[in-house]
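Please keep the sequence and the 3D view side by side while reading.

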Amino acid sequence: MYRFLLTPRWWGINVFAVLAIPFCVFMGSWQLSRFEDRVHSHRQQADRAVAAETAAARPLDSLLPVDQVTSGRQARARGTYDTRHQLLVPDRTLDRKASSRPGFYVLTLLRTDGGKALPVVRGWLPGDANNPADTAKVPAPPSGEVTVTGALQGSENVGTSGVQSGGGLPKGQLGMISAASLVNIVPYPVYDAWITLGDTSAPLKAVPPAAAEGSGLDLKAFQNLGYTGEWFVFAGFVVFMWFRLFRREAEAARDVALGIGAGAGVGEGERESVSAG
C-alpha cells in the first residue's frame, strides 16, 4: 500500500523534507542564539553603566576608541571651549522617546591640549531650537581652561534615535553628533566620540548616556526573536504538509486496494467490456 513512497515524485518530496526541516531548525536556533547574545550584552551593559557611575574618571585618550566596554565610562579632558562654534542639536528628548517633551541639546566643542576638539553636550533644554525665545535661555560656556568630566559616547549614525541626517538645518544647528558631520563646520580635527556632562548648570538638564550600539534590547533584538518563531513555524509547516500528502496518498492507495474509488471503477468497466466482447 505504501509503494507510492518509491515513486520519483515522492523521492523528491522526501528529499526536500529531509533537507528543509533541519535547515529551518538550524536557522531558528541561530536566530535564537542571536537574541540571547543581545540579552546577555544588554545585561552586561547595564552592569557597566552602574559601575561607571561610581568609577573614577579616566583620561579621554585611554578610553578610545569607543566600544561596548568603554561606552558610558566617565572620561576626563582638559581644554578651552570654542564659543564661536557652539551648536544646537534639535528635536531631542531626554529619554529618547518620541512621546517625550521635545527640546534640543547644547553642544560646545572643547579644544583639548592634544590639538583635537571634543564635542561636549553640556545639557538639554526644552523648546524649539528655531525659536529665539528658547535659544536665548542657553547659558554661555565657561571661559578659560577647564577640565570636563562626562559619560563617553560613540559617534552617532543614521540609525541613532533622533538623528537628522538629511541636512537642511539652519546655521548653528547639528543633526548628528559625529566627527563626520563636524568636519565641514570646524577648521580643526575632532575626536570620533563625544561626552555628555553629568553636572550641568541651570537651566540645562543633564543628558543621560545611551547604551552602546548593538548592546541593548532594540528593534533588531526583537526581530531576531520574531525570525526564530518564523523558522520553527516553517519547520512545522513542512512536517504538516508531508503528513497531509502522505495521508492522502495512503488513503487513495487503500481505496484502490479495496476496489473503490475512480481507479477501481475504471478497472471494472474495462473488465465488463472485455467480457461483452
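**Notes on the structure**

1. Start with Trp 10. Its relative accessible area is 1%, so Trp 10 is buried. Bear in mind throughout that this is a predicted model.

2. Which residue forms an aromatic pair with Trp 10? The partner is Trp 242. The structure has six aromatic pairs by the rule used here. In the pair of Trp 10 and Trp 242, the ring centres are 6.0 Å apart and the planes stand at 90°, an edge-to-face arrangement. This pair links distant parts of the chain. Trp 10 belongs to helix α1, while Trp 242 belongs to helix α4 (residues 219-258), and 232 residues separate them.

3. Trp 242 has a relative accessible area of 21%, so Trp 242 counts as partly exposed; the cut-off for buried is under 20%. Trp 242 also pairs with Phe 243. Their ring centres are 5.1 Å apart with planes at 85°, so this pair too is edge-to-face. Follow the ring pairs and you get a cluster of Trp 10, Trp 242, Phe 243 and Phe 246.

4. Glu 249 and Arg 9 form a side-chain salt bridge, 2.6 Å from N to O. Buried or partly exposed? Glu 249 is partly exposed, because its relative accessible area is 21%. Arg 9 is partly exposed as well, at 44%.

5. Stay with helix α1, which covers residues 8-54. Val 18 lies in this helix. Val 18 has a relative accessible area of 58%, so Val 18 is exposed.

6. The whole structure holds five salt bridges. One of them joins Arg 92 and Glu 156, at 2.9 Å from N to O. Arg 92 is in strand β3, and Glu 156 is in the loop between β6 (145-154) and α3 (179-182), so the bridge ties together parts 64 residues apart in sequence. Both Arg 92 and Glu 156 are buried.

7. Another salt bridge pairs Asp 82 with Arg 84, at 3.8 Å from N to O. Here the two partners fall in opposite classes. Asp 82 is buried, because its relative accessible area is 6%. Arg 84 is exposed, because its value is 70%.

8. Now look at strand β3, residues 87-92. Leu 88 is found there. Leu 88 is buried, because its relative accessible area is 12%.

9. Asp 91 is not a glycine, yet its phi is positive, about 55°.

10. What of the largest nonpolar core? This core has 16 residues. Tyr 105, Leu 107, Leu 109, Val 121 and Ile 177 touch the most other members. Strands β3, β4 (103-112) and β5 (117-126) are the elements that give two or more residues to this core. Another core, of 15 residues, lies apart from it; Ala 77, Tyr 81, Val 146 and Ile 195 are among its members.

11. Val 121 deserves a look of its own. Leaving out residues up to four places away in sequence, Val 121 touches Tyr 105, Val 106, Leu 107, Ile 177, Trp 194, Ile 195, Thr 196, Leu 197 and Val 207.

12. Finally, check two peptide bonds. The bond from Leu 64 to Pro 65 is cis, with omega near -5°. Pro 65 is in the loop between β1 (58-59) and β2 (74-81). The bond joining Ala 202 and Pro 203 is also cis, with omega about 5°. Pro 203 is in the loop between β7 (193-197) and α4.

Note on methods:
Residues numbered from 1 in each chain as written. Predicted model: local features only at pLDDT ≥ 70, side-chain atom pairs only at ≥ 80, totals over all residues. Heavy atoms only, no water. Helix = DSSP H or I, 4+ residues; strand = E, 2+ residues; numbered from the N terminus. Buried < 20%, exposed > 50% of the residue type's maximum accessible area, 1.4 Å probe, protein only. Core = buried A, V, L, I, M, F, W, Y, C linked by side-chain atoms within 4.5 Å. Contact = heavy atoms within 4.5 Å. Phe/Tyr/Trp six-rings, centres within 6.5 Å; stacked < 30°, edge-to-face > 60°. Salt bridge = Lys/Arg side-chain N within 4 Å of Asp/Glu carboxyl O.
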